2 protein chains.
Amino acid sequence: MTTTQLTELAHRLATINQFKTNEAGQNRLVYSPTWVEAQRQVIKWGLELGFQVNVDDFGTAYLDMPGTTEPEAVIATGSHIDTVAQGGQYDGLYGVLGGLQAIENLVTEFGRPQKTLRLISFSEEEGSRFPDTFTGSKHYTGQQVDLTMKDPAGIQFDDARQQAVTKLMLAGVHHQLPDLPDTFTELHIEQGPRLIDHGLQIGLVTGIVGQRRYTVTVKGIANHAGTTPMNDRADALQHAVDLIVTLREQARRLNPDLTFTVGEMHISPNTSNVIPGLVTFTVDCRNSDEAVLDQFERLLQQTVTAPGNPQITSSADRWAKSDVTLLDRQLLENNQAIANQLGFKSIQLASGAGHDSQIMAKHTRTTMIFVPSINGISHAPAENTSQEDLLRGVELLAASLHQQAY
Amino acid sequence: MTTTQLTELAHRLATINQFKTNEAGQNRLVYSPTWVEAQRQVIKWGLELGFQVNVDDFGTAYLDMPGTTEPEAVIATGSHIDTVAQGGQYDGLYGVLGGLQAIENLVTEFGRPQKTLRLISFSEEEGSRFPDTFTGSKHYTGQQVDLTMKDPAGIQFDDARQQAVTKLMLAGVHHQLPDLPDTFTELHIEQGPRLIDHGLQIGLVTGIVGQRRYTVTVKGIANHAGTTPMNDRADALQHAVDLIVTLREQARRLNPDLTFTVGEMHISPNTSNVIPGLVTFTVDCRNSDEAVLDQFERLLQQTVTAPGNPQITSSADRWAKSDVTLLDRQLLENNQAIANQLGFKSIQLASGAGHDSQIMAKHTRTTMIFVPSINGISHAPAENTSQEDLLRGVELLAASLHQQAY
């Protein structure tokens, strides 16, 4: 990649990231004014560079560089244009603009592809405005999305969608949902520290972890902190603390890659001089092996319901579950060979976060390429990746698309 | 005690407890309409029974049965008329009406005392309306109280006080702050389970535990629950949990009577899929030995600031401290002898809760008598004590006052 191309990618990223609200970081919640500006800009670049542009009912943009000999065979890349509230500069956007740059490079160097190259800028992935995630890729792959769901301000998804999509219909844009591609490659920041901590440049994603979330409820008896002897308490918080220690240890022994997070906790009455009578806490656990998650779920249920102080009862309720997604092995091996050839230090790893790729993978051969996140930070204004690493990702993606489409 | 007297005490307790708000349980927050009704009723009974009644600037009522030969020597008993929000039927009120009953019994049986017998109905002890506690006994003993403090509705203490006190000035009531008594005996429910659990009828209070409250602050790094490996986390909640387990064990080893309560905890950002970056929790510890509290404070500071994960820092801040109060040994021994004589099963114990007696004890010889709390419950509508136990307390109190004043 030449300095001109580097400058071009950096310029496009900066252009989109300057569509700002008053909040810190990036705030492109789906169908918001900044989101509309950003998606319009992506579409304009596509039209300028000679892509055929489709926009579907959800506002996902498909930029096609039609193939010369096999135009019906589609090799796709892309990611999402939306961000979380107060998000970073690269999550999603890098996969869109890096993909655009990769295709532009290929066309500049090799002319039109034999198969169609498609850049996808998904409308929504983060679930930050409406209570659903991946609505862009869900719509593309024919999954039902509840159009009546509302954002915190009471605005209905369907109303916000219609208004926003109208603004994307620039001259030359077709309003159409294209067929699914033959392969899909998503370029993304890692959002974790594994690459950066080990001095690696590229992550090749084997799959996306399965994820389960539980709420554990512990009921004891609220009582006076001064007059209730230590051996006569039904302290829900102390019991919850013991459960957390046990569960953490069980998770650690079961599998070192099983993530175990107690992110949320509520204490009642939550007053310094009253023994807590009720405590709830969440458990978020993720692993790339469904069997490990099953085993942990059994341990969790056993531990939480194990008999102890008869005045304390506890239970665990699972309220979210997403299965392990295995990505395409052949595409990964091909990318591994290219990365080796390019001299990029790489690792194969599972993604701990969810991505559009897990939706696409149910319908088409899918792979992901990660680049390092400085300090492992994402979903925050401090989210960052070095320019060199951003370019290595684009270079690998371009070589992969070349291998598939030329 | 005769059945008539039993009925009289029960009737008076019921009369006061029927001054109700719409909330559950008893709600006699200081200077509120129910509080005014209750204190007026106590004063009326005093006047009817021939007591000399004084009311001070804070609304504390002093019902004096003047001594015949040594009227300037004053033997006092009493407690407070106010309750916590949604409180119980006996906390405070039992000491006021039980004291009234005891003096009435003595006068009926033995005529006027040689020394003056004084029943005190303190205006406020619970600290449930304004941000200070024991304001009744503090005012009586000459301690400064901030008259400008406000309740949650923004009403100033001094305004509420003036309006309420005006309503207590019934015909025959003197507006005056009497001198401090020679002794003070407070009859009270235990508010804990020690008497009831051991089949005991009377608790003789050796002292009131010292109490210290801390806030422990743990700062880690908030991060993605899915993409951050277990060995690369600075999880403030997991560190807080480990601190709680260690501190609880240190408290247990130090002294089995040292109470250790984590009543309040705050987690940030408190979202199931984010590793907590900041956790605070309170520690409330109490013991009747100041040295034990000092030792625990040293352990707490050592434990909280012990080096560990360099990405996590924690600190402990003490924001409340009340010293151990030793009550009068001779009064206790005298009451012990009387209890033995009456055949009451008793124990000497420290009070885990604060009481007006800890304020009075700084200025006058003070003792307390506890009666059992069913299930150890207090500060709640379920607060209860058997009629027999209520009467045993009054009988012991009457005998003690007789010994001192006749």
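**View 1. Surroundings of A:His188 in a predicted model.** Leaving aside neighbours within four places in sequence, A:His188 is in contact (heavy atoms within 4.5 Å) with A:Ser79, A:His80, A:Asp91, A:Gly92, A:Tyr94, A:His355, A:Met368, A:Ile369, A:Phe370 and A:Val371. The side chains of A:His188 and A:Asp91 are joined by a polar contact of 2.8 Å; such a contact is a pair of N or O atoms within 3.5 Å, where within protein one must be able to donate a hydrogen and the other to accept it, and residues adjacent in sequence count only if both atoms are side-chain atoms. A:His188 is buried, at 1% relative accessible area (buried means under 20%, with a 1.4 Å probe and protein chains only).

Residues are numbered from 1 along each chain as its sequence is written, and chains are lettered from A in the order in which they are written. In this predicted model, local features need pLDDT of at least 70 and side-chain atom pairs count only at pLDDT 80 or more, while totals for chains, interfaces and linings use all residues; side-chain values use heavy atoms, without hydrogens and water.

**View 2. A:His80 and its side-chain partner A:Asp82.** A:His80 is buried, with 0% relative accessibility. Its side chain makes a polar contact of 2.9 Å with the side chain of A:Asp82.

**View 3. The salt bridge between A:Asp242 and B:Arg248.** The closest N and O atoms of this pair are 2.7 Å apart (a salt bridge is a side-chain nitrogen of Lys or Arg within 4 Å of a carboxyl oxygen of Asp or Glu). Between chain B and chain A, the count is 2 salt bridges.

Note on methods: Buried means under 20% relative accessible area, exposed over 50%, partly exposed in between (1.4 Å probe, protein chains only).
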